[in-house]
Amino acid sequence: MRASAPRRKQRTTVRTGVVLLTAAAVMSTAGCFDSSDAPSRNGPSRGGKSHAEGPAWNTRPSSIASLGDSITRGFDACSVLSDCPKVSWSTGTDVNSLAQRLRSGARSWNYAKTGALMADLPGQMQAAATRKPQLVTVMIGANDACRDSVADMTPTDQFRSTFASALTRLRREVPRTQVYVASVPDLKRLWSQGRKNVLGRQIWKLGICPSMLKDSDAMDAASTERRQQVDKRVDDYNRVLKDVCGKDPLCRYDDAVHNYRFTERELSKWDWFHPSKAGQQRLAAMAYRRITSP
């Protein structure tokens, strides 16, 4: 028996509704609909975290590997022309270091090396990766600008490619390790502060950061231009650090070091350039503030 026209129309409407509901369910699962009950690119996931935010930052890492140069080795902070890692801002035990503040001193490693350039960072990253630390701190770049001459400074493009390669290497080995990147100190400001000390100016003649510090009293056009070029290169390096780090969801760049005005008390009494014990503690405080911020 044939169904009447109204009944056929009703059945067709029901079948159409089922098809549409099924399609809607599939498309919602695939993320085609921006439902408030389903994860989306902008909405919260089941874990309460946006997909756009990436992995959550741990403000209390329990292990630290420190990379970098003489600053992180505590050079000239305890005695003349020698490392003093026990007062390192990152892993030191005789100062209120970052490791001490985070209470991770029992699990911290210092792979920094006095004189290190950005070219040395990939090797330091590789060594750090073997420890599988929750946090890696990086403070490097001053030596790339502190060369015998302006012409010897590390080219910015090379600085960028090496840093990006080092970070990629770390990610390949330990994808969930967090990275804190400190800015390169303001070398020109350190020159301006340290040159006030007569003994400091004599020490600088031994060869400390000659591109910036040689002929520290000279104010002729050539000397001024030389310092300006070093200052600009440091700015370029910091832009690279910020840019490359900014592309990694588990990397935090900190411009506080470059912006900080170190006092004479916070500079080494042996070279008036590297941080003293007080300066190391100031660096630790800056890093702690950035790492533990929500």
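This talk walks through one predicted protein model, from the whole chain down to a few residues.

Two notes on the source before I start. The model is predicted, so local features need pLDDT of at least 70 and side-chain atom pairs count only at pLDDT 80 or more, while totals for chains, interfaces and linings use all residues. Residues are numbered from 1 along each chain as its sequence is written, and side-chain values use heavy atoms, with hydrogens and water left out.

The chain as a whole, then. The protein chain has eleven helices and five strands. Helices here are DSSP runs of H or I with at least four residues, strands are runs of E with at least two, and both are numbered from the N terminus. Of the 294 residues, 47% count as buried. Buried means under 20% relative accessible area, exposed means over 50%, and partly exposed is in between, with a 1.4 Å probe and protein chains only. As for contacts, meaning heavy atoms within 4.5 Å, residues 24 or more positions apart account for 70% of those with a separation of 6 or more.

Next, helix α6, residues 187-194. Which residues of α6 are buried? They are L187, L190, W191 and G194. These residues cover an arc of only 105 degrees around the axis, which puts them on the same side of α6. The arc is that of the directions from the helix axis to the C-beta atoms. As background, an α-helix has 3.6 residues a turn, so residues three or four places apart point the same way. What covers the buried residues of α6 includes α4 (142-145), α7 (198-204), α8 (210-213) and α9.

Let me stay with α9, residues 221-246. The axes of α6 and α9 come within 8 Å and cross at roughly 135 degrees. Axes are lines fitted to C-alpha atoms, for helices over the stretch in contact, and angles run from 0 to 180 degrees between N-to-C directions. The two helices are therefore oblique to each other. On that scale, angles under 35 degrees are roughly parallel, over 145 roughly antiparallel, 65 to 115 roughly perpendicular, and the rest oblique. On the α6 side the contact is made by L187, K188 and W191, and on the α9 side by R227, Q228, V230, D231 and V234. By class, that contact has four nonpolar, one polar and three charged residues. Nonpolar covers Ala, Val, Leu, Ile, Met, Phe, Trp, Tyr, Cys and Pro, charged covers Asp, Glu, Lys and Arg, and the others, Gly among them, are polar.

Leaving out residues up to four places away in sequence, R226 touches V150, P210, S211, M212, K214 and D215. R226 and S211 are 15 residues apart in sequence and 7.3 Å apart in space, C-alpha to C-alpha. S223 is also in α9, and at 7% relative accessibility S223 counts as buried.

Now the aromatic rings. A pair of aromatic rings is described by the distance of the centres and the angle of the planes. Rings of Phe, Tyr and Trp (its six-membered ring) pair if their centres lie within 6.5 Å; planes under 30 degrees apart are stacked, over 60 edge-to-face, and the rest tilted. How many aromatic pairs does this rule give? The count comes to three. One of them is F159 with Y237: the centres are 4.1 Å apart and the planes at 10 degrees, so the pair is stacked. This pair links distant parts of the chain, with F159 in helix α5 (residues 156-173) and Y237 in α9, 78 residues apart. F159 is buried at 0%, and Y237 is buried at 0%. In another pair, Y260 and F262, the centres are 4.9 Å apart and the planes at 85 degrees, so the pair is edge-to-face. Y260 is partly exposed at 22%, whereas F262 is buried at 8%.

Last, two loop residues. L81 has a positive phi of about 50 degrees although it is not a glycine. L81 sits in the loop between β1 (64-68) and α2 (98-102). W272, also not a glycine, has a positive phi near 50 degrees, and lies in the loop between α10 (256-259) and α11 (277-291). Are these two buried or exposed? L81 is exposed, at 57%, and W272 is buried, at 8%.
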